[in-house]
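Subject: Structure for your review

Dear colleague,

Please find below the structure that I would like to hand over to you. After it, I set out what was found, in a form that you can follow with the model open.

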Amino acid sequence: MGSSGFDWKLPDHPKLPKGKVIGLIVLDGWGEANADQYNCIHVAETPVMDSLKKGAPERWRLVRAHGTAVGLPTEDDMGNSEVGHNALGAGRIFAQGAKLVDAALASGKIFEGEGFKYVKESFETNTLHLIGLMSDGGVHSRLDQLLLLLKGASEQGAKKIRVHILTDGRDVLDGSSVGFAEILENDLAKLREKGVDAQIASGGGRMYVTMDRYENDWSVVKRGWDAQVLGEAPYKFKNAVEAIKTLRAEPNANDQYLPPFVIVDDSGKPVGPIVDGDAVVTFNFRADRMVMIAKALEYADFDKFDRVRVPKIRYAGMLQYDGELKLPSHYLVEPPEIDRTSGEYLTYNGVRTFACSETVKFGHVTFFWNGNRSGYFNDKMEEYVEIPSDSGITFNVRPKMKAVEIAEKARDAILSGKFEQVRVNLPNGDMVGHTGDIEATIVACKAADEAVKIILDAIEKVGGIYVVTADHGNAEDMVKRNKTGQPLLDKSGNIQILTSHTLQPVPIAIGGPGLVPGVRFRKDLPSGGLANVAATVMNLHGFQAPSDYEPSLIEVVDN
Ligand SMILES: O=C(O)[C@H](O)COP(=O)(O)O
Ligand SMILES: [Mn+2]
Ligand SMILES: [Mn+2]
């Protein structure tokens, strides 16, 4: 029994033993796609993953990792780490942030909730600031949601609105920020016609300004703070579209890494610093890259950088980003309630867990895996190890990242005899894939494959079981394609590099000396997705999954 009185005990699996060590590997951004020169996984030497594939269909298969299979609004929504790891860890499909915000905007309920009422108290006398990612990527935010929020806020009495934009180029094509800024400017102009003083106040590229995660590099958040709150930035412009175009014209500039800028009036004064009495909404729905800015905006005690001036504001997140920290305390839309995750169940059933990744993906195998909850369920049963990521570089510079270090930690944990589940995220395919650098992504894929080998060798030694899968696609397709799958060319005849994730399915492979010989993938779940993995893993630990979990992918046949 848990402290809540809920019975966490899982029934025994009728045929599968307990106590095996399971090496659970999530290859970030590793999908399955046609083999051509833009499929970096195909081009790279990946002998380990190639050999696992030979186990198809009994020990290797594909699972869905995008769209409705992971709780996203439509089948056109690519997968991402948050929804992917949520599904992997929780074993059920939850309507995710994107969908919940859509519904709250469509019904108008977003404007009736506690969070909006709270920020609304500032509208009469002060400014409403909206900070977030400006794109239609649908991973962290969506421009159409921002536009509806702007419209709704003005109808609800906001008289002065300032938007602090972060340019994308990571979940969408590089260069698309100009078009998004034009759309936003157009809507702001319409609001001005209606008498609302609405304009863009600051900006910067998401990877250089504000949207760091897992405390990898606080200077990123500080740059945002300086521009958004203090109104200070190295670049000053009168207009955001002009700002983006000018900064993009610099050598090697791109949307992800645009330097911070502020918009100034005719006298050179910033148009939108955040001051006492103002309201602030961070309009991203996804949690990981909002937690740090939320801390800076909300916490009285804060020592990560010198905030210089800390305005007394009414702050709300689009969602609550961390259910354990209750951060932020005010929010516009209830987050999905991802409860009874597999990690929590397993701690109550005697399964000791080790989880590891490097900083940039650490929260993926812990926080996202556990339903957007930070910390341990039971610190006697779990150990989470974070390997510090390189900071201040783009990962095409060091595409091997910390794959070997992660694998060696996993190997040691497997050999230690202290854990039944050893779970890692190998970031390479994804983090390097996002840079759009094809050569580097090929190196990244090879590095991830080598790391898998280290872990599988350790599993072999202890007579364990491996489960190798991924959270969504990325490195398997590095080019934007037309409907027939041909690479699309831009105006100058160059291929259009795809920095984003994809809609592709991902592999899952099982094996190892500890796997009962009759275990194989069922044939009756052709459209199985990431949410089916949790029950599968519970089975391999020797338990039946809870009845409301998506069904297990495996069956045991008598040989
Ligand atoms: O935040 C990011 O880096 C991208 O927008 C999505 O990548 P992830 O979902 O793999 O983290
Ligand atoms: Mn991912
Ligand atoms: Mn990614």
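How far apart are the manganese ion (ligand 2) and the manganese ion (ligand 3)? In this predicted model, the two ions are separated by 4.3 Å.

**The metal site**

The manganese ion (ligand 2) has four protein donors: Asp 28 (OD), Ser 81 (OG), Asp 471 (OD) and His 472 (NE2), which lie 1.9 to 2.1 Å from the ion. Along the chain, these donors of ligand 2 follow the spacing D-x52-S-x389-D-H. Asp 28 counts as buried because its relative accessible area is 0%, under the 20% limit. The relative accessible area of His 472 is also 0%, so this residue is buried.

**Domains and cores**

The domain assignment divides the protein into domain 1 (22-94 + 357-537) and domain 2 (98-333). Please note that domain 1 is written as two segments of the chain. The centres of the two domains, taken over C-alpha atoms, are 31 Å apart. Their contact involves 33 residues from domain 1 and 25 residues from domain 2.

Which residues touch the most other members of the largest nonpolar core? They are Leu 27, Leu 150, Leu 184 and Met 318, in a core of 153 residues. Helix α15 (residues 438-462) supplies the largest share of this core, with ten residues. Domain 1 and domain 2 each contribute at least three residues to the core. If neighbours within four places in sequence are left aside, Leu 184 is in contact with Met 134, Leu 146, Leu 147, Leu 150, Val 163, Ile 165 and Ile 200. Another core, of nine residues, lies apart from the largest one, and its members include Trp 8, Leu 10, Val 351 and Tyr 549.

**Two covered strands**

Strand β3 (residues 127-133) is mostly covered, and seven of its seven residues are buried. With strand β4 (residues 160-167), β3 forms a parallel pairing over seven bridges. Within this pairing, Leu 133 has Leu 166 of β4 as its bridge partner. Between β3 and β4 the chain passes through helix α6 (residues 143-155), and this β-α-β crossover is right-handed. Strand β3 also runs parallel to strand β8 (residues 279-282), to which four bridges join it. Here Leu 130 is placed opposite Val 281 of β8.

Strand β11 (residues 353-358) is likewise mostly covered, with six of its six residues buried. Which way do the residues of β11 point? Thr 353, Ala 355 and Ser 357 point one way, whereas Phe 354, Cys 356 and Glu 358 point the other way, and all are buried. Six bridges connect β11 with strand β12 (residues 382-387) in the parallel sense, and Cys 356 stands opposite Val 385 of β12. Together with helix α12 (residues 359-368), β11 and β12 make a right-handed β-α-β unit. Strand β11 is also parallel to strand β13 (residues 421-426), with four bridges between them, and Phe 354 stands opposite Val 422 of β13.

**Backbone details**

Where are cis peptide bonds found? One joins Ala 56 and Pro 57, with omega about 0 degrees. Pro 57 is part of the loop between α2 (47-53) and β2 (60-63). A cis peptide bond also joins Leu 327 and Pro 328, with omega about -10 degrees, and Pro 328 sits in the loop between β9 (314-319) and β10 (331-333).

Thr 210 is not a glycine, yet its phi is positive, at about 75 degrees. This threonine, Thr 210, is located in the loop between β5 (197-205) and α8 (218-230), and is buried because its relative accessible area is 0%. Arg 340 also has a positive phi, near 45 degrees, and lies in the loop between β10 and α11 (342-348).

Is Ser 547 buried or exposed? Its relative accessibility is 79%, so Ser 547 counts as exposed. The residue Ser 547 lies in the loop between α16 (533-540) and β17 (554-556).

With kind regards

Key: Residues are numbered from 1 along each chain as its sequence is written. Chains are lettered from A and ligands numbered from 1 in the order in which they are written. This is a predicted model: local features need pLDDT of at least 70, side-chain atom pairs count only at pLDDT 80 or more; totals for chains, interfaces and linings use all residues. Side-chain values use heavy atoms; hydrogens and water are left out. Buried means under 20% relative accessible area, exposed over 50%, partly exposed in between (1.4 Å probe, protein chains only). Two strands pair if DSSP finds at least two bridges between them. A crossover is right-handed if, with the strands pointing away from the viewer, the path from the first strand over the helix to the second runs clockwise. A nonpolar core is a set of buried Ala, Val, Leu, Ile, Met, Phe, Trp, Tyr and Cys residues joined through side-chain atoms within 4.5 Å. Domain bounds come from an automatic or database domain assignment. Contact means heavy atoms within 4.5 Å. Donors are N, O and S atoms within 2.8 Å of the metal (3.2 Å for Na, K and Ca); water is not among the atoms, so sites may look incomplete.
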